Amino acid sequence: MTNSSSSKKHGQDQPELSGPTPKSHRTKMGKSEDTDKKNLGKKLKDVEISVPIVYGNIAFWLGKKASEYQSHKWTVYVRGASNEDLGAIVKRAVFQLHSSFNNPTRVVESPPFELSEAGWGEFEIVITLHFHSDVCDKPLNLYHHLKLYPEDENSSMSTKKPVVVELYDEIVFPDPSEAFLSRVQNHPAVNVPRLPPGVTLPPPIPVEDASKRRKGDTKDHPLSQWFTNFSEADELLQLAAARQQVYTTQYRQSHL
Amino acid sequence: MDAKDILGLPKNSFPPQEKKSRPPKESQRKPDGISREVYALTGGLAPLMPAVDSSQLKRRPPPDEKVAWQWLGFTSSARKDNLHLYHWVSSSVRVVNGVPPTGDYSFAKYNKSVDITRYTDEEYEKYLTDPRWTKEETDQLFDLCEQFDLRFIVIADRFPSSRTLEELKDRYYSVSRALLIARNPSSVDIAAHPLLKEPYNISRDVERKRAMSLVLSQTRQQEQRDEEVLAEAKRIAQSRIPAKVSQESEMAVAPNAGVEVTERTIPGETVSPPPSNAQHPLIPVPPPLSTENASTLASLRILRVYLRTYALEQMLQAASSTAGLRTIKRVEQTLQDLGVNLKPRVPTKAVCAEHLELRKEILTLLNLQKQLQYKEAEGLPFREGSFTETPGTPKDRTFVPDSSFGGNELCTCNLIYLLLGILSTFY
């Protein structure tokens with residue numbers, strides 16, 4: 001009730017790019033007048049949760065141990081961008097491999113969400129992320145082309161230095177439920193924006209203790225030395241410089 | 001690498017490598033019998049149609065056989081009168097006892113006719129009577145139908161009393177339908193018969209023919225007027241849709257300053273402009289980017305979960321839907337020149353927002369540049385005119401220096417300020 005109307009007024013302050021359409025607005029207001037039970041399922045407007053992830057593969061050439069059908073040992077994975085535990089958001093990950101593999105549908109029930117295999121071919125892997133029930137009931141697909149051989153054809157393959165391909169992306173939940181929000185509001189793997197004024201969340205339901213949580217993160221992962229550190233600072237700087245140039249050119253053009 | 005070659009293992013992923021090795025092999029081979037250059041004319045591939053077998057060509061010169069001809073009699077099953085005719089038969093057709101074993105006249109099989117169901121008099125009395133038709137007329141109709149194989153135009157022409165073609169058709173088909181139903185009481189079998197599935201509808205047929213003749217007889221002027229009216233209606237409908245969208249979303253975000261979509265050309269028709277529902281008269285097509293954003297965000301919301309890169313793509317598509325392909329390419333070229341990744345490497349929320357803003361700014365810049373070019377082009381005839389004419393009014397004189405200044409100094413001004421801009425970002 002109050003939060004929806006206030007969010008409409010303070011539309012400029014919201015982290016979201018735009019406000020909701022009036023029609024859906026009205027239906028949400030009606031829903032919020034329900035009992036406490038339903039309040040947990042209530043969605044907050046103008047609050048989006050994003051989970052930065054990195055997914056990709058690391059492939060090692062087996063050198064003299066390589067056989068005709070198994071020349072590389074590779075690991076495909078999805079990890080938190082800062083190596084935090086994704087288990088609070090992702091319930092399980094399903095890796096769909098090439099049909100030539102035995103049991104090409106591999107399910108990983110707990111973090112770290114990764115899969116290691118040996119083979120010789122590059123193909124597209126479909127990674128389906130299934131979320132916990134309070135997060136989202138719809139799964140999300142990631143598509144990754146497995147890379148085993150180095151870009152530069154002339155460079156020699158070494159057993160010590162693997163081929164690493166990592167891609168940064170963010171999982172966005174545009175209308176998170178209050179339960180989800182309260183559960184992850186202080187989770188290191190999740191970006192929760194500043195809540196609209198006047199909104200308080202119920203205290204999080206304690207699920208697991210800290211020691212259990214640590215196991216799912218990839219900070220001490222054996223392959224962590226090959227992980228890329230994605231920083232948005234460089235990109236932002238690049239974009240800011242470009243915009244500056246465009247502004248000055250525009251200014252001159254419009255005043256001629 | 002060398003070990004792989006020795007072992008004969010594929011170098012890279014399995015599908016692409018195989019494809020690469022196949023095409024070079026195919027163009028090397030060529031069929032024997034024709035020279036290499038002639039084969040190359042076909043594009044290096046065998047023709048689809050089997051060419052004439054060359055061995056058969058050699059055989060054609062006739063062998064030294066003499067063909068004998070016989071004068072024989074024949075009958076045709078197509079005739080009902082047992083007429084005996086005679087003709088020449090060549091000896092290449094096997095003849096026994098002077099009578100060819102083929103039997104029937106070879107063209108008799110082409111004597112096809114339409115199956116017309118005829119009724120008996122009792123059937124007529126029971127099922128087929130109609131106030132508008134006498135039995136005599138109906139009999140005449142059916143005789144003609146049989147004689148002329150249901151070619152109604154001919155039948156209508158020869159029908160003794162004056163009846164329209166549609167009336168004749170209607171009578172024939174309704175009689176046939178009634179007969180069909182009467183003779184086959186179990187309707188299941190005949191329900192699929194065309195007479196029952198698609199019955200002849202006389203009023204619809206008449207109307208259809210009238211409409212067609214109208215279309216055929218339209219003069220060119222009428223055609224043009226129809227086209228204009230349709231085009232105008234389409235434009236009105238289109239201008240109503242974005243006005244509806246902008247009303248529904250009720251966005252408070254003002255459209256970006258200076259974004260004028262000058263790429264839209266007004267359709268070259270001599271009709272008055274469509275009634276502007278909510279738009280500024282100078283901007284032919286409403287370009288509020290805020291409505292595009294709103295609808296994209298709404299569609300993303302419906303997904304309940306999505307990837308940031310996917311959202312960025314959707315926004316880019318929405319933004320570039322108003323721009324042509326060439327403009328998009330120019331924007332991308334500008335991005336590359338500025339040293340920006342076309343697809344951000346670290347697509348966080350802030351980075352994506354900045355990226356979209358940058359693209360919008362570049363678009364604005366390109367539009368400004370284009371406008372400047374147009375203005376220069378407009379200034380050109382004035383400049384040339386003032387050289388040939390005697391010094392005219394003061395108005396001409398003052399106009400000329402301005403445009404020439406803009407034209408010549410433009411490039412250098414830009415460069416100077418660009419450099420200044422780049423330098424300022426580093427200090």
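Predicted model: local features only at pLDDT ≥ 70, side-chain atom pairs only at ≥ 80, totals over all residues.
Me: Which residues is F101(A) in contact with, leaving aside its neighbours within four places in sequence?

Reply: The list for F101(A) holds W74(A), R106(A), E117(A), A118(A) and F123(A). Take E117(A) as a case: 16 residues separate it from F101(A) in sequence, while the C-alpha to C-alpha distance is 9.4 Å.

Me: What can be said about contacts across chain A as a whole?

Reply: Take the contacts between residues at least 6 apart in sequence: 69% of these join residues at least 24 apart. As for burial, 46% of the 256 residues in chain A are buried. The accessible surface of the chain is about 13600 Å², and carbon and sulfur atoms account for 52% of that surface.

Me: How many helices and strands does chain A have, and in what pattern?

Reply: There are six helices and eight strands. Along the sequence the pattern reads α-α-α-β-β-β-β-β-β-β-β-α-α-α.

Me: What is the general idea behind a nonpolar core, and which residues have the most contacts inside the largest one?

Reply: In soluble globular proteins, nonpolar side chains tend to be buried together. Here the largest nonpolar core has 42 residues, and W74(A), I89(A), I125(A), L129(A), F131(A), I171(A) and F173(A) have the most contacts inside it. Elements of chain A that give two or more residues to this core include β2 (72–80), β6 (124–131), β8 (163–173) and α4 (178–184). The most comes from β1(A), which gives five residues. Another core lies apart from this one; it has 18 residues, among them I116(B), W133(B), L144(B) and C145(B).

Me: Which residues is L129(A) in contact with, under the same rule about neighbours?

Reply: Beyond its neighbours within four places in sequence, L129(A) touches V78(A), V90(A), R92(A), A93(A), P139(A), L140(A), L142(A) and I171(A).

Me: In what order do the strands of the open sheet of five strands run?

Reply: The order is β5(A)-β2(A)-β1(A)-β8(A)-β3(B), and the pairing is antiparallel. An edge strand pairs on one side only; here the edges are β5 of chain A and β3 (306–307) of chain B. Within the sheet, β1(A) and β2(A) pair over nine bridges. I53(A), for instance, stands opposite G80(A) in β2(A).

Notes. Residues numbered from 1 in each chain as written. Chains lettered and ligands numbered in written order. Heavy atoms only, no water. Contact = heavy atoms within 4.5 Å. Helix = DSSP H or I, 4+ residues; strand = E, 2+ residues; numbered from the N terminus. Buried < 20%, exposed > 50% of the residue type's maximum accessible area, 1.4 Å probe, protein only. Areas by Shrake-Rupley, 256 points an atom, 1.4 Å probe, with all protein chains shown as cover. Core = buried A, V, L, I, M, F, W, Y, C linked by side-chain atoms within 4.5 Å. Pairing = 2+ DSSP bridges.
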